[in-house]
Amino acid sequence: MADLKKKVSLAELRKSEDVKPMMKTPIHYPFWFGGSAACFATLFTHPLDLDRMTTANSKPSFFTLVGMASVSGLLGGIAGNPGDILNVRMQHDAALPKDKRRGYKNAVDGIIRMSREEGVASLWKGVWPNSSRAVLMTVGQLATYDGFKRVLLNYTPLKDNLSTHFTASFLAGFVATTICSPVDVIKTKVMSSSESVGLMKIITDTTRAEGLRWMFKGWVPSFIRVGPHTVLTFLFLEQHKKVYRKFKRLD
């Protein structure tokens, strides 16, 4: 009887071992699969979004471009505020006295410590100056580039080539830096402060202490960063468009 039970148990064991390889093993996909799927989806949906704004026979007006750029800049400023405030604080930390330095190890450590020490709401501190700055920067770059490009093509001998793209993007970078400068100064003061100070009080105190010069404080280093970034962005964009038109034989 014992031998019979042993034979049965061995038979069941062999059967289970035979079945095991046939069982499906759960597949654990990489964490970035969701992001790549979203990117591929955007490739198909983005042309549909553009089709709602333009037709084959018309282009959006300057004011339409300003509106579109304003909305995208506002949403981007709100979504990116936690990262922006950490960037300002980590860059400004070295200028503070040792006893007042925050000493964030990295961005993740900064977010965790800000949430614990100042509350989750601190991640959106200065969100409105930051969003206003994002609106002005996006309008200053995107809308004015198209505006300058149209003026250069319509009222100068320049053709749709690299010289025109460089000139229009350089002017767009100049405008973007200039209109963003006052908001940049206020945004930095708000985000670098650990205390809750009203926006109007900051503007009033700064104007009283420095005069109206504060509005363009740091303009040169800001333009050194924004200018080349704007120029390179649109030069690459125009070349991408050129390659696409050639590939699709649209020229």
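Guide: Let's start with a term: accessible areas come from the Shrake-Rupley method with a 1.4 Å probe, and for residues only the protein chains shown count as cover. With that, the protein chain exposes about 17700 Å², and carbon and sulfur atoms supply 67% of that area.

Visitor: Okay, and what kind of model am I looking at?
Guide: This is a predicted model, where local features need pLDDT of at least 70, side-chain atom pairs count only at pLDDT 80 or more, and totals for chains, interfaces and linings use all residues. Residues are numbered from 1 along each chain as its sequence is written, and side-chain values use heavy atoms, with hydrogens and water left out.

Visitor: How many helices and strands does the protein chain have?
Guide: There are nine helices and zero strands. Both are DSSP runs numbered from the N terminus: helices are H or I with at least four residues, strands are E with at least two. Along the sequence the pattern reads α-α-α-α-α-α-α-α-α.

Visitor: What share of the residues is buried?
Guide: Buried residues make up 29% of the 251 residues in the protein chain. Buried means under 20% relative accessible area, exposed means over 50%, and partly exposed is in between (1.4 Å probe, protein chains only).

Visitor: And what about contacts in the protein chain?
Guide: Contact means heavy atoms within 4.5 Å. Of the contacts with a separation of 6 or more, 72% are between residues 24 or more positions apart.

Visitor: Where does UniProt place the transmembrane region?
Guide: The unreviewed UniProt entry places the feature "transmembrane region" at residues 29–48 and 60–80. UniProt positions are given in the numbering used here, feature names are shortened, and annotations may be inferred rather than shown by experiment. In the model, residues 60–80 are 86% helix and 0% strand, with end C-alpha atoms 27 Å apart.

Visitor: Let's zoom in. What's the span of helix α5?
Guide: Helix α5 covers residues 107–118, and its end C-alpha atoms are 16 Å apart. The expected span of a helix is 1.5 Å times one less than its number of residues, so the 12 residues of α5 should span 16 Å, which agrees.

Visitor: Which residues of α5 are buried?
Guide: D109, G110 and M114 are the buried residues of α5. They cover an arc of only 125° around the axis, so they sit on the same side of α5. The arc is that of the directions from the helix axis to the C-beta atoms.

Visitor: What do those buried residues pack against, and what's on the other side?
Guide: The buried residues of α5 pack against α4, residues 81–92. On the other side of α5, V108 and R116 are exposed.

Visitor: What happens at the ends of α5?
Guide: At the N-terminal end, N106 caps α5, with a side-chain oxygen 3.2 Å from the backbone nitrogen of V108. After α5 comes G119, whose phi is positive, near 95°.

Visitor: Back in α4, what about R89?
Guide: R89 is in helix α4, and R89 counts as buried because its relative accessibility is 0%. From R89 to R101 is 12 residues in sequence and 9.3 Å in space, C-alpha to C-alpha.

Visitor: Changing topic: what's in helix α9?
Guide: Helix α9 has 29 residues, 219–247, and reaches 41 Å from its first C-alpha to its last, close to the 42 Å expected. Its buried residues include W219, S222, F223, L235 and E238. R249 follows α9 with a positive phi, near 55°.

Visitor: What does S222 touch?
Guide: Not counting residues up to four places away in sequence, S222 touches T177 and D184. S222 counts as buried, at 15% relative accessibility.

Visitor: And which residues does H165 touch?
Guide: H165, in helix α7 (residues 162–192), touches Y145, K149, D160, L235 and E238, again not counting residues up to four places away in sequence. Of these, L235 and E238 are among the buried residues of α9. H165 counts as buried too, at 5% relative accessibility.

Note on methods: A polar contact is a pair of N or O atoms within 3.5 Å; within protein, one must be able to donate a hydrogen and the other to accept it, and residues adjacent in sequence count only if both atoms are side-chain atoms.
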